[in-house]
Amino acid sequence: MSVQAKRRADYQPPAFSIATVDLHITLHPTETKVVSTLAIARNGAHNAPLVLDGDGLELNAIAVNGEALSEEFYTLGDNTLSINSELDTFELVITTTIAPEHNKALEGLYLSGGAYCTQCEAEGFRRITYFMDRPDVLSVYTVTVVADKSIPMLLANGNPVDKGDIGASSHFVKWHDPHPKPCYLFALVAGDFDLLTDSYTTSSGKEVALELYVDKGKKSQGVFALESLKRAMKWDEDVFGLEYDLDIYMIVAVDFFNMGAMENKGLNVFNSKFVLADQESATDDDFFNVESVIAHEYFHNWTGNRVTCRDWFQLSLKEGLTVFRDQQFSADMTSALSNRIKHVRVMREHQFAEDASAMSHPIRPEEVIEMNNFYTVTVYDKGAEVIRMFHTLLGPDGFRRGMDEYFKRHDGQAVTCDDFISAMQSATDLDLTQFARWYSQSGTPVISVEHKIQNDDNDDVIHTFTLSQHTPATSDQSEKESLYIPVNIEIIDDEGNTYTDNESMIQNGMVILNAPSMSFTVNAENASLTPVVLGNFSAPAKVENPLDTASLLTIFKYAKDPFNRWDAMQTLYDRCIKQIEDAPGCAISNDIWEGIKQAIAQEQSNLELLGECLVTPSFETLCQSRSNINVSALSKARKAFCDQFAQALEQELLQVFNNIDAASYSYTQDAVNQRRCKNVVLAHLARLPQHEGAIVAQFDAADNMTDTLGALRSAQHCNSATFDTLMARFEATWNHDPLVLDKWFALHATQNRDDIFATITMLCEHPQFAMSNPNRVRSVIGSFAFYNSERFHALDGSGYKFVTDYLLKLDAVNPQVAARIVTPLTQWQGFANEHQVLMKQQLGRLLNHKGLSKDVFEKVSKSLAYDKH
Ligand code: B3K
Ligand code: ZN
């Protein structure tokens with residue numbers, strides 16, 4: 001396969017602009033007619049042709065200024081249409097036909113169930129009509145949607161301006177969006193939905209109609225999403241002074257969707273998973289995610305839509321920033337600590353892994369084959385961490401000034417990450433030049449901590465702390481430079497006293513590490529000091545801090561920063577697991593259990609922190625602090641540790657469990673913390689057969705999905721008959737609801753059982769399963785590949801082969817989803833050689849497959865090429 005990568009350095013401004021786009025779309029499952037009228041103007045003096053992108057379109061007619069264009073004036077390429085006109089300005093009318101029903105890639109215009117909907121970001125608009133499909137061409141859109149009257153609701157961006165009948169059987173609605181936008185924000189939805197309506201009055205008194213469209217019969221499950229939207233609108237006014245700018249804001253929930261949601265101007269399209277929620281069917285995590293995704297898409301209205309990206313290499317300009325904004329919102333709506341822990345888990349489980357793989361890229365990538373492959377944890381989540389560092393360095397007020405300046409300079413423009421940095425620079429005296437390297441350098445920096453103790457001439461005890469940074473080479477960059485790293489730090493002794501440094505390098509609890517290393521000293525008599533480093537995960541880095549168990553427990557007891565306290569326990573657990581890996585069968589010493597018991601006692605009343613501290617690091621997180629991993633050995637060590645944990649702490653765990661009141665259900669932070677802690681504890685107790693009854697009892701009594709699912713997850717550790725019985729009961733109850741059934745699919749797919757492939761095959765044949773639905777595929781195949789580590793990595797190669805066989809079929813249907821699920825297979829670098837050989841064998845099969853999509857090709861070919869370095 002020969003595919004051309006695009007490079008950031010090759011950016012050229014568009015040769016033409018398109019001031020207005022008038023679309024007239026007559027919907028039909030196999031013959032949708034799209035008439036596009038474009039006001040074209042040449043940019044500057046040149047005689048290059050107008051080159052439009054197109055993909056899978058049937059071209060019916062072209063007219064320039066009202067005259068049909070004869071063939072000598074245009075060239076139809078594989079994916080382009082070039083118009084040779086000497087005119088500097090002209091009206092171009094292009095008529096094309098498309099077949100939404102046959103569109104299974106879910107990009108462009110497609111049918112989700114019975115509803116028409118679109119997904120254009122990144123480059124899907126070219127599957128609807130010929131256009132300059134790039135984000136720096138901004139146009140004002142007027143869209144007329146025509147359909148059979150059996151399809152009652154016809155939606156597009158902006159405000160409705162006209163509607164009426166066409167003959168006896170058809171009707172139309174015309175929409176106008178006054179805000180110039182790139183084509184990736186175009187949207188159209190047509191179908192028959194239940195509609196929830198509400199309104200919101202902005203701080204300047206403008207009334208906005210809010211409309212939420214859901215599948216028939218699901219109205220009550222949309223209430224929480226609509227309430228979340230209003231909270232997000234208010235928050236953006238309060239925190240950033242940003243108001244909504246159209247008369248109407250619409251959200252449509254659809255069942256077939258490649259990702260979470262899409263911020264199309266005034267008409268968001270959502271995966272129904274991130275809209276529908278009620279007590280019976282949604283967990284606390286689901287509620288959290290609904291609120292957070294609703295907010296994320298809403299916040300894009302300013303960070304993404306009003307100010308958009310010049311080119312797709314700048315994606316983090318809108319995504320990193322918008323993720324940071326949604327994280328801040330969620331922290332304000334729920335709790336700062338549990339949010340921070342969530343983000344850090346994502347960074348450690350997924351982003352660090354990406355940076356260690358052949359897909360390593362800076363938050364602003366340099367080279368891309370398939371843009372959809374770059375909607376990554378690096379661009380999104382590491383991107384948000386970089387924005388968070390601006391926020392940390394500038395402080396909330398400085399950050400706000402920078403944001404105000406950004407909008408003042410760039411409202412209505414398509415800009416770059418450098419433009420953002422420059423706006424931030426205008427709001428601070430700090431020199432951000434070195435900081436900007438976070439945009440160009442990939443890889444996870446490692447901060448090493450060294451602690452030396454000396455006596456000086458006066459017999460004072462001097463502690464010297466040295467922080468060094470080092471970023472290991474990545475697949476895309478061999479040379480690394482020093483980054484500008486804000487490192488939150490506390491120096492405490494074993495009674496919890498805090499110390500300041502002699503050089504005053506610690507300012508407001510933070511040092512700046514901007515050279516390969518830096519040192520400071522602390523004087524302390526008769527005290528043993530512990531450096532508490534990277535509070536609140538103040539930078540996306542790994543820390544190597546050689547602390548003994550006593551120091552880790554001191555941090556847990558006394559550090560001011562609750563994130564550090566949680567992290568100290570994670571490090572402690574990681575150490576214990578390592579100890580068992582090195583000496584299988586060994587018992588963790590009693591003083592560690594005693595330390596954990598004290599920690600539990602100390603936090604009895606802080607169920608939020610306690611719940612998080614009782615979670616043992618995931619297999620995926622453990623992988624990031626290891627190399628040459630033998631999966632079975634690591635999994636066994638992790639399991640052995642968890643078993644010992646349950647045995648050693650049984651009484652304490654039981655006490656926590658029994659002390660948590662089964663108060664009546666509500667979705668409040670306190671209640672969420674209680675359920676979370678209770679279910680974490682239950683999962684530990686499940687390892688002891690005597691507590692099986694508690695699991696069944698919780699399953700029987702649960703009046704909400706969090707507790708039901710908590711019981712089911714715990715049952716994964718019980719004997720298989722109990723698990724099977726509860727799973728069967730769950731299926732009988734939820735058979736009608738595929739979104740809920742996804743949880744059941746995922747639980748089955750992550751079982752460590754000999755019959756796992758028979759199970760997965762059975763799941764794929766389930767009446768509610770369809771390969772064409774990304775949610776189902778992610779639940780079954782995605783869960784297996786990402787989270788069933790023992791079976792996926794089985795040393796007979798069966799897991800890798802199973803996933804590959806499936807991907808070969810899926811790729812022909814939906815390349816975007818296939819390219820996501822191939823990720824674990826491409827991340828072979830950390831694993832022992834026997835794993836690597838088998839993984840690469842399957843990557844080779846994929847690479848040799850005729851007709852492989854460029855999505856999967858890019859990831860697989862990079863992964864195999866990395867090998868040859
Ligand atoms: N901007 C979209 C993601 C589009 C992904 C295209 N493959 C959703 C979001 O980040 O809000
Ligand atoms: Zn986004």
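**Where domain 2 meets domain 3**

A: Across the interface of domain 2 and domain 3, the rule finds one salt bridge. Its partners are E481 and R437, with 3.3 Å between the closest N and O atoms. That value falls within the 4 Å cut-off for a salt bridge. The model is a predicted one.

Polar contacts come next. Between domain 2 and domain 3, twelve residue pairs are in polar contact, both residues at pLDDT 80 or more. On the side of domain 2 that touches domain 3, the elements giving two or more residues are α4 (336-355), α5 (377-410) and α7 (437-440). Of these, α4 makes the largest contribution, with six residues. By type, that side of domain 2 holds eleven nonpolar, six polar and six charged residues.

Now step back to the domains themselves. The domain assignment divides the protein chain into domain 1 (193-301), domain 2 (313-440) and domain 3 (446-546). The centres of domain 2 and domain 3, taken over C-alpha atoms, are 25 Å apart. In the contact itself, 23 residues of domain 2 meet 20 residues of domain 3.

How much area is buried there? The size of an interface is often given as the accessible area lost when the parts come together. For domain 2 and domain 3, about 1800 Å² is buried between them, and 63% of it is on carbon and sulfur atoms. Within domain 2, the residues that lose the most area to domain 3 are Q434, R437 and W438. Together they make up 30% of what that side buries.

In an unreviewed entry, UniProt annotates residues 443-545 as "domain: Peptidase M1 alanyl aminopeptidase Ig-like fold". That span is 0% helix and 47% strand. Its end C-alpha atoms lie 19 Å apart.

One backbone detail belongs here too. L534 has a positive phi of about 65°, although it is not a glycine. L534 sits in the loop between β30 (529-533) and β31 (542-544).

Conventions
Residues are numbered from 1 along each chain as its sequence is written. Chains are lettered from A and ligands numbered from 1 in the order in which they are written. This is a predicted model: local features need pLDDT of at least 70, side-chain atom pairs count only at pLDDT 80 or more; totals for chains, interfaces and linings use all residues. Side-chain values use heavy atoms; hydrogens and water are left out. Domain bounds come from an automatic or database domain assignment. Contact means heavy atoms within 4.5 Å. Buried area is the accessible area (1.4 Å probe) that two parts lose on being put together, summed over both. A salt bridge is a side-chain nitrogen of Lys or Arg within 4 Å of a carboxyl oxygen of Asp or Glu. A polar contact is a pair of N or O atoms within 3.5 Å; within protein, one must be able to donate a hydrogen and the other to accept it, and residues adjacent in sequence count only if both atoms are side-chain atoms. Helices (H or I, at least four residues) and strands (E, at least two) are DSSP runs, numbered from the N terminus. Ala, Val, Leu, Ile, Met, Phe, Trp, Tyr, Cys and Pro count as nonpolar, Asp, Glu, Lys and Arg as charged, and the others, Gly among them, as polar. UniProt positions are given in the numbering used here, feature names are shortened, and annotations may be inferred rather than shown by experiment.
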